[in-house]
Amino acid sequence: MGEPGTKEILNLADLEAAGGIHTGRKHILSLLVENKPGVLARIAGLFSRRGFNIQTLAVGPTDDPTLSRMTLTVDGAVQPIDQVTKQLHKLVNVIKIRDLEPHEAIARELALFKVSADGDSRGQIMQFSDIFRGKVVDVSRRSVTVEITGTDDKIEAFERMVRPFGLIEMVRTGEIAISRGRTAT
């Protein structure tokens, strides 16, 4: 990498090799897009070409059947995110983009955990589910499936609690987010 104050051009590979591409700042991008085939592929391709790993991606309909809401979470430096959002604005099918500040947004994720559960451990797993405000959605002779909704931290904490029992399977939706309501000033 170049020395401070030099006008040496740095490329993405150099930044990644030096560990300088990630700031630890989580970006939650909320995109309003046309509900048409290929839109998701074009947006994901744009991030891929710019060297970004999309950490989570959730897409769903809005109150208008012609529009969809995409929520992406990525980790990266501010400048490259700005470049990507400028390029996203150029895509015909993108209507609106917001980079939600984590402290100004309400973000939630849904996860399902299938946990090995015999007679003795079943009660403990159900207690953990209650503590985390989860919901037992399936019970079989050898397992319990629990639904947890909440922040990334909450879901990871629940995973740590049930993993010792034998985590058979886990699936997560990815975050969805909305900006907090405005207060009267």
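User: How many bridges pair strand 1 with strand 3, and in which sense do they pair?

Analyst: This is a predicted model. In it, strand 1 (residues 26-34) and strand 3 (residues 67-75) are joined over nine bridges, and the pairing is antiparallel.

User: Which residue of strand 3 stands opposite H27?

Analyst: The residue opposite H27 is V74, in strand 3.

User: What holds paired strands to each other in general?

Analyst: Backbone hydrogen bonds link the strands of a sheet, in either a parallel or an antiparallel arrangement.

User: What is the strand order of the open sheet?

Analyst: The four strands of this open sheet follow the order 2-3-1-4, with antiparallel pairing. Strand 2 (54-61) and strand 4 (94-100) are at the edges; each has a single partner strand, so one side of each has no neighbour in the sheet. From one strand to the next, the twist averages 15 degrees.

User: Which strands does helix 2 lie across?

Analyst: Helix 2 (residues 39-49) lies across strand 1, strand 2, strand 3 and strand 4. The helix runs at about 150 degrees to strand 1.

User: Changing topic to helix 5: where does it bend?

Analyst: The bend in helix 5 is at R160 and amounts to about 30 degrees. A proline, P164, follows within four residues. Helix 5 (residues 152-166) has 15 residues and spans 21 Å from its first C-alpha to its last, close to the expected 21 Å.

User: Which residues of helix 5 are buried, and what covers them?

Analyst: The buried residues in helix 5 are I155, A157, F158, E159 and V162. Their cover includes strand 5 (105-116), helix 4 (119-131), strand 7 (143-150) and strand 8 (167-172).

User: How many aromatic pairs does the structure hold?

Analyst: The structure holds four aromatic pairs. One of them joins F132 and F158, whose ring centres are 5.3 Å apart; their planes meet at 75 degrees, so this pair is edge-to-face.

User: Which parts does that pair tie together?

Analyst: F132 is in the loop between helix 4 and strand 6 (135-139), whereas F158 is in helix 5, so the pair ties together parts that are 26 residues apart in sequence. Both F132 and F158 are buried. Together with F113, these two residues form one aromatic cluster.

User: Moving on to T145, is that residue buried or exposed?

Analyst: T145, which is found in strand 7, counts as buried because its relative accessibility is 11%, below the cut-off of 20%.

User: And which residues does T145 touch?

Analyst: Leaving aside residues up to four places away in sequence, T145 touches F113, K114, K135, V136, V137 and D138. F113 is also a member of the aromatic cluster with F132 and F158.

Note on methods
Residues numbered from 1 in each chain as written. Predicted model: local features only at pLDDT ≥ 70, side-chain atom pairs only at ≥ 80, totals over all residues. Heavy atoms only, no water. Pairing = 2+ DSSP bridges. Helix = DSSP H or I, 4+ residues; strand = E, 2+ residues; numbered from the N terminus. Axes fitted to C-alpha atoms, helices over the stretch in contact; angles between N-to-C directions. Contact = heavy atoms within 4.5 Å. Expected span 1.5 Å × (residues − 1). Bend = angle between axes of the 7 residues up to and from the residue. Buried < 20%, exposed > 50% of the residue type's maximum accessible area, 1.4 Å probe, protein only. Phe/Tyr/Trp six-rings, centres within 6.5 Å; stacked < 30°, edge-to-face > 60°.
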